[in-house]
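Visitor: I am new to this one. Could you show it to me and take my questions?

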Amino acid sequence: MMILAQLATSFVAAAGFGILFNAPKKSLIQCGLAGMAGWILYYILVQQGMDAVPATIFGAMLVAIITQIFAKVYKTPIIIFHVSGVIPLVPGGVAYDAMRNFVENDYTAAVQLSAQVMLLAGGIAIGLMFSEVVNQSIRKSPLKRRAK
């Protein structure tokens with residue numbers, strides 16, 4: 001039952017941010033699916049005992065792969081799907097806790113949480129970048145040129 005709640009809320013969050021960022025109406029379902037896929041992979045990996053940072057990297061990589069496919073299939077700029085797709089992975093709650101600890105003068109906890117936010121945000125960037133590098137390598141592969 002918990003998985004269904006995670007699926008539903010991550011879909012709504014990603015599609016909702018698609019609306020917020022003025023994504024075309026015809027792309028909102030794909031935005032939601034991309035965000036849902038990345039979040040559910042993250043959620044399952046964390047439930048299996050993986051640390052949040054590598055789970056975030058794998059979730060972002062899945063989002064990037066899915067968004068590249070959606071961009072090609074639906075002939076839409078990839079950024080529309082990327083922005084909405086990574087929203088469920090953004091560590092907003094941890095960032096809030098870090099700021100709250102700064103305000104409460106609990107600097108030890110604040111610095112620890114801030115470091116975690118930086119690592120998670122970096123994980124999102126690494127996941128998106130790694131997938132794009134692999135995609136570019138496949139496009140420019142000598143094997144693909146010979147097939148043409």
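Visitor: Which helix holds both Trp39 and Tyr42?
Guide: This is a predicted model, where local features need pLDDT of at least 70, side-chain atom pairs count only at pLDDT 80 or more, and totals for chains, interfaces and linings use all residues. Residues are numbered from 1 along each chain as its sequence is written, and side-chain values use heavy atoms, with hydrogens and water left out. Helices are DSSP runs of H or I with at least four residues, strands are E runs of at least two, and both are numbered from the N terminus. Trp39 and Tyr42 sit 3 residues apart, about one turn, in helix α2.

Visitor: Are Trp39 and Tyr42 buried or exposed?
Guide: Buried means under 20% relative accessible area, exposed over 50%, and partly exposed in between, with a 1.4 Å probe and protein chains only. Trp39 has 19% relative accessibility. Tyr42 has a relative accessible area of 16%. So Trp39 is buried, and Tyr42 is buried.

Visitor: How are the rings of Phe70 and Phe81 arranged: stacked, tilted or edge-to-face?
Guide: Rings of Phe, Tyr and Trp (its six-membered ring) pair if their centres lie within 6.5 Å; planes under 30 degrees apart count as stacked, over 60 as edge-to-face and the rest as tilted. The centres of the Phe70 and Phe81 rings are 5.7 Å apart, with planes at 65°. Therefore the pair is edge-to-face.

Visitor: Which helices does the pair of Phe70 and Phe81 tie together?
Guide: Phe70 and Phe81 are both buried. With Tyr74 they form one aromatic cluster. Their places are 11 residues apart in sequence, so the pair ties together parts in α3 and α4 (residues 78–86).

Visitor: What does α3 reach from its first C-alpha to its last?
Guide: The expected span of a helix is 1.5 Å times one less than its number of residues. α3 has 22 residues, with 32 Å expected. Its reach is close to that, at 31 Å.

Visitor: Where is Asn105?
Guide: Asn105 is not a glycine, yet has a positive phi of about 65°. At 52% relative accessibility, it counts as exposed. Its place is the loop between α5 (92–103) and α6.

Visitor: How many helices does the protein chain have?
Guide: The chain reads α-α-α-α-α-α-α along the sequence. It has 0 strands. The helices come to 7.
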